[in-house]
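Hi,

Here is the structure I promised to pass on. Please have a look at it, then read my notes below.

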Amino acid sequence: WAKLPARELDGSVWTRRPVAPAFDPLEVFKRCDILFKASAAKQLLGGGKPSRPRVMDPNRQNMVGICLSKIRMPPAMIKRDILLLEGPAAAPDSLVSLQKCVPQQHEEAAVAALAELPDRESLALSEAERYFLEVISVPRLGPRLKAAAARASMLGDVASARSGLQS
């Protein structure tokens, strides 16, 4: 690397470059602080995204939402069908889907904390979170769904065996 003599630099791109105006770094930081404070104030006043508590992992929320969309019932009716073990939510394929949607222990704790909020009706909850709010009061939900699925499977096997015996 050899330095070029000054006479060869005359008339080159480097000599025609305009001199950058001097700026004060403190002034730049002050302007950034003002802009960030304005953005934070806008969010506090409701101009930004509404903040809401995060109850579930987004992937889990999506999976539960897909399982619930197969049933096509509001969470309160699903809870009623689970408790009574009758209706569309008590069908064998629905019970298998609902077994995947049993709230885990940490999700139950988060939903229970959400249920105690005084303004929970004003929160924009997802379908999965509304379902969890409904079913956390069902005693022994996981074993209940497993037993109901086994019962429905057994009833289907008995019905097919009876039809096989009659023919």
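Contact here means heavy atoms within 4.5 Å. By that rule, aspartate 81 touches Met73, Glu86, Gly87, Pro88, Ala89 and Ala90, leaving out residues up to four places away in sequence.

Two notes on the source. This is a predicted model, where local features need pLDDT of at least 70 and side-chain atom pairs pLDDT 80 or more, while totals for chains, interfaces and linings use all residues. Numbering starts from 1 along each chain as its sequence is written, and side-chain values use heavy atoms, without hydrogens and water.

Back to aspartate 81. Its place is helix 5 (residues 75-84); helices are DSSP runs of H or I, at least four residues, numbered from the N terminus. Aspartate 81 is buried, at 0% relative accessible area. Buried means under 20%, exposed over 50%, and partly exposed in between (1.4 Å probe, protein chains only).

Now the salt bridges. The rule is a side-chain nitrogen of Lys or Arg within 4 Å of a carboxyl oxygen of Asp or Glu. The count is 3.

- Aspartate 81 pairs with arginine 80 at 3.1 Å, N to O. Arginine 80 is partly exposed, at 37%.
- Arginine 60 meets glutamate 107 at 2.9 Å, N to O. This pair links distant parts of the chain, helix 4 (residues 58-71) and helix 7 (residues 105-115), 47 residues apart. Arginine 60 is buried at 12%, and glutamate 107 is buried at 2%.
- Arginine 130 bridges to glutamate 127, with the closest N and O atoms 2.5 Å apart. Both sit in helix 8 (residues 127-135), about one helical turn apart.

Best wishes

Technical notes
Helices (H or I, at least four residues) and strands (E, at least two) are DSSP runs, numbered from the N terminus.
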